[in-house]
Amino acid sequence: MFSAFSQIYKWVQFCYSQHSFLFFGDFIIPSEAGVQQGDPLGPFLFCLVLQVLVNKIHGSVPNLSLNNWYMDDGSLFGKVSDDLKAWTIIRVLGPDLGLFVNMSKCELICSSGSDACFKDFESEIIRIENGDMTILGSAIGLKQHCLNWISVKLNKKLPVLINKLELLGHSQSSFLLLLYCASFCKMVWYIRTIPSFLISESCDQFDSLVLHCFENLLGAGLSKQSLSQARLGTKNGGVGLRASKSHSAAAYIS
């Protein structure tokens, strides 16, 4: 694979031809497996190795409807027989490349709802029969599944964070944390990857929670017009607390 990127070969050899050492107290740990954490070249070098596996699947199972990967997250879709062939290649060839399957993160999705498509795969793999799934940290499926999925994500930590912001005792610091760490940025990934009409209710609830926190930091309730203004950018006279519902359709399309 490096023949296609010969111009950086010497640099990679300089960085990786010898093991580096990690120092922990009196212990010296040789760093010998994989790429260096934090190295900008790391993802690229990992993908070079992974590409060998992807090409093998592409050549051996050409009828797969989908053989897409984002780093170590792969999605294979097709007939059960083709998926099984691809899965066997991953299990057999992967370890020779230093790639090992994490069963707890693997999902087997069967659109027919029949148990027959599961029988030749390992029992440790998570079974999904109704089409509701999670891929790359985003929900795919029916509206209720998407709503429930986002509710779990937001309700797990967000109310605790909002409460701590209100109790911080320094309104300016609390507002900055709300603006940059606990408001629109929390919803960006979801509104970019899930159709807006499926999660409009979750967006409404989230936006209301953010504005309610803002009112508590001010120590006063705001009129509907003032709350709308607060959602504008600072150059337009607002404070930048953008509404996820208002941006959801454009975010998903983009």
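Helices here are DSSP runs of H or I, at least four residues, and strands are runs of E, at least two, both numbered from the N terminus.

A word on the model. It is predicted, so local features need pLDDT of at least 70 and side-chain atom pairs pLDDT 80 or more, while totals for chains, interfaces and linings use all residues. Residues are numbered from 1 along each chain as its sequence is written, and side-chain values use heavy atoms, without hydrogens or water.

Back to H7. Gly219 follows H7, with a positive phi near 80 degrees.

Now the packing. H5 (residues 171–181) and H7 (residues 196–218) pack at about 170 degrees, axes 10 Å apart. Axes are lines fitted to C-alpha atoms over the stretch in contact, and angles run from 0 to 180 degrees between N-to-C directions. The two helices are therefore roughly antiparallel, meaning over 145 degrees.

Which residues of H5 meet H7? Ser171, Ser174, Phe175 and Leu178 do, against Val210, Cys213, Phe214 and Leu217 (heavy atoms within 4.5 Å).

Last, charges. The whole structure has three salt bridges, each a side-chain nitrogen of Lys or Arg within 4 Å of a carboxyl oxygen of Asp or Glu. One of them joins Glu122 and Arg91, at 2.5 Å, N to O.

How values were computed: Parallel < 35°, antiparallel > 145°, perpendicular 65-115°, else oblique.
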